[in-house]
Amino acid sequence: MEMGGSENWKLGIDYAVWANQNKPFYFNDTLVFKYDLPSENSTGYSVYLLPNLRSYARCDFRRAKLLANTTQGSGEGFAYVLNKWRPHYFVSGEDNGTQCYPGMMKFFAAPTPARH
């Protein structure tokens, strides 16, 4: 499943709405984050995994795990498999974290058992 659909992973999309429209997410679903390389006009984007809801709500990167840097989303994009039974909190951390809040480049996915 491509993040943001044809719009890809970028500023200006409400990913909470996108996630709500595309749920449910299933165990072993693959999310693909595609985004442009940094340019003169943009610092680019990244993909971080935050450890919990509190970190997600506050855009607190202290215990965040960088999944994909600003170059890994180009081309075919960065693929992430929902292979743990827990909520996954995704954010972009560029521009000193402002893409997360108030930029709203964040969403969470809580995988459910496989489709029947």
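The text below covers the pocket, then the helix, then the loop residue.

The model is predicted, so local features need pLDDT of at least 70 and side-chain atom pairs pLDDT 80 or more, while totals for chains, interfaces and linings use all residues. Residues are numbered from 1 along each chain as its sequence is written, and side-chain values use heavy atoms, without hydrogens and water.

The largest pocket has a volume of about 160 Å³. A pocket is an open set of points on a 1 Å grid where a 1.4 Å probe fits, with protein on both sides within 12 Å along at least five of seven lines; lining residues have an atom within 4 Å of a point. Its lining comprises 9 nonpolar residues, 1 polar and 1 charged; among them are Asn-20, Lys-23, Tyr-56 and Phe-107. Helix 1 (15-22) and strand 6 (106-109) each supply at least two lining residues.

In helix 1, Tyr-15, Trp-18 and Ala-19 are buried, meaning under 20% relative accessible area with a 1.4 Å probe. These residues fall within an arc of 95° seen down the helix axis, so they line one face. They pack against strand 6, where contact means heavy atoms within 4.5 Å.

Ser-46 sits in the loop between strand 1 (30-33) and strand 2 (47-50). Ser-46 counts as buried because its relative accessibility is 0%. Beyond four places in sequence, its contacts include Trp-9, Tyr-35, Leu-66 and Gly-93.

Two polar contacts (N or O atoms within 3.5 Å) are listed here.

| Side chain | Backbone nitrogen | Distance |
|---|---|---|
| Asp-14 (oxygen) | Ala-16 | within 3.1 Å |
| Ser-46 (polar atom) | Gly-93 | 3.0 Å |

Terms used:
Points joined across faces, edges and corners; volume = space filled by probe spheres on them. Helix = DSSP H or I, 4+ residues; strand = E, 2+ residues; numbered from the N terminus. Nonpolar A, V, L, I, M, F, W, Y, C, P; charged D, E, K, R; others polar. Buried < 20%, exposed > 50% of the residue type's maximum accessible area, 1.4 Å probe, protein only. Arc of directions from axis to C-beta. Polar contact = N/O pair within 3.5 Å; in protein donor to acceptor, adjacent residues only side chain to side chain.
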